[in-house]
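Dear colleague,

Please find the structure below, together with its sequence.

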Amino acid sequence: MAIGVFGLQVAYKLKRTEVMSSNQTHGWYGGGNTASVPLATVVSTVDRIDFSNDSSSSSVKGSLSSTRHSIAAVGNSNYGWYAGGTNPSLTPAAVSTVDRIDFSNDSGTASVRGLLSTGLTGFVATGNSNYGWLATGTSVIRIDFSNDSGTTSPRGPLSLARTGLSATGNSNYGWFGGGTAGAPTVSTVDRIDFSNDLATASPRGPLSSARYRLAATGNSNYGWFGGGASPASVSTVDRIDFSNDSSTASLRGPLSLARFNLSATGNSNYGWFGGGAVPTPAVFSTVERIDFTNDSATASSRGLLSLARQQAGATSGQAKGPAIKLQKAGNYGWFGGGGPALAGGATATVDRIDFSNDLATASPRGSLSTTKTQISATGNSNYGWFGSGTTTPPTPARLSTVDRIDFSNDS
């Protein structure tokens with residue numbers, strides 16, 4: 001939004017398919033195990049997937065600070081944090097290190113930050129732009145991204161102790177689903193309220209089936225939980241509607257390959273599920289992509305990871321917090337109100353520019369509710385809001401009104 005010479009304002013339509021940050025164009029897969037045995041197969045390798053060219057094989061970037069598998073990963077728009085994990089060659093095998101990858105300089109070795117506050121392993125993670133929440137058993141700990149050299153802080157527990165679960169979230173909540181609670185495999189989904197994370201997580205609607213060692217990713221509206229074992233490996237994909245999370249997750253199109261111990265990341269449009277294994281044992285480098293706008297279809301095969309592996313951690317610049325500004329891109333721009341001359345006057349006119357044909361004259365659309373100038377404007381993917389401003393001189397009056405344009409019916 002920018003104020004013109006005569007107070008003209010513009011509300012851009014934001015495409016749902018646009019990303020929120022330039023760092024959302026890639027996903028990073030770190031650590032893992034290239035086979036069930038032997039110990040030497042545990043790796044520190046970090047692969048980067050180019051979301052805009054995901055049919056190509058991923059590129060190897062800098063490594064983690066140490067080899068480990070069963071690692072948790074979370075990120076914001078600038079960095080990715082890889083926490084904990086297991087290295088069977090160590091005693092104890094549980095790793096308490098937190099590594100940080102700088103997305104803008106990912107060819108170097110990840111920098112060691114703070115430590116986990118517990119010696120447990122098998123954490124899964126989700127977060128927003130400020131914090132990352134890690135969970136295993138009933139334990140939940142939090143990484144403060146602004147102070148990531150400190151030890152993680154304990155938060156409120158999950159409602160049910162379990163391992164082998166997975167997690168995703170939006171800027172306000174995190175959903176932790178599936179896992180094993182001793183002998184039984186469960187479909188339980190717990191929700192952590194990020195604004196009240198000392199409380200016990202609240203049980204929500206379950207997954208469509210019980211399974212563990214699955215992977216999850218999502219956007220601001222939904223979370224997709226894919227793969228896992230129950231105990232045989234499955235290709236099942238469930239979708240949680242964040243606005244109606246008390247219902248059972250809905251079955252969507254499956255992965256093309258049944259597997260467990262896979263990893264997932266994504267942006268606002270797609271989710272990429274990579275690696276994993278089946279009990280044969282066979283370990284995969286396969287990467288599949290779910291199209292969030294067409295998630296009833298079978299996931300499509302994309303490029304490969306640089307090596308076959310399971311139990312890796314994956315993240316991207318998928319920060320969902322309010323500090324991340326949307327790129328103003330879309331199909332049209334609407335210009336409303338303003339004055340026809342410096343000497344005064346105002347209009348209620350709304351013009352629309354077609355970005356694909358911006359050499360043509362803008363087309364008049366429906367008008368504002370009244371003539372006004374020096375107004376402000378903003379918009380999302382569906383509507384544009386024109387607020388405040390002043391009425392026409394010679395007796396100008398300040399306005400508190402807000403007009404809304406429906407982009408789908410702007411005449």
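Asp245 forms a salt bridge with Arg191, the closest N and O atoms being 3.0 Å apart; the term denotes a side-chain nitrogen of Lys or Arg within 4 Å of a carboxyl oxygen of Asp or Glu. This pair links distant parts of the chain, with Asp245 in the loop between β19 (237–241) and β20 (250–251) and Arg191 in strand β15, 54 residues apart. Both Asp245 and Arg191 are buried (under 20% relative accessible area, 1.4 Å probe, protein chains only).

Please note that this is a predicted model, in which local features need pLDDT of at least 70 and side-chain atom pairs count only at pLDDT 80 or more, while totals for chains, interfaces and linings use all residues. Residues are numbered from 1 along each chain as its sequence is written, and side-chain values use heavy atoms, without hydrogens and water.

The count of salt bridges comes to 18. One of them joins Arg309 to Asp47 at 2.8 Å, N to O. Arg309 lies in the loop between β26 (300–304) and β27, and Asp47 in strand β3, 262 residues apart. Arg309 is buried at 1% relative accessibility, and Asp47 at 0%.

Strand β3 also belongs to an open, antiparallel sheet of 4 strands in the order β4-β3-β2-β27 (strands are DSSP runs of E, at least two residues, numbered from the N terminus; two strands pair if DSSP finds at least two bridges between them). β4 (59–60) and β27 (313–316) stand at the edges, each with a single partner strand, so one side of each has no neighbour in the sheet. Asp47 has Val60 in β4 as its bridge partner.

Yours sincerely

How values were computed. Buried means under 20% relative accessible area, exposed over 50%, partly exposed in between (1.4 Å probe, protein chains only).
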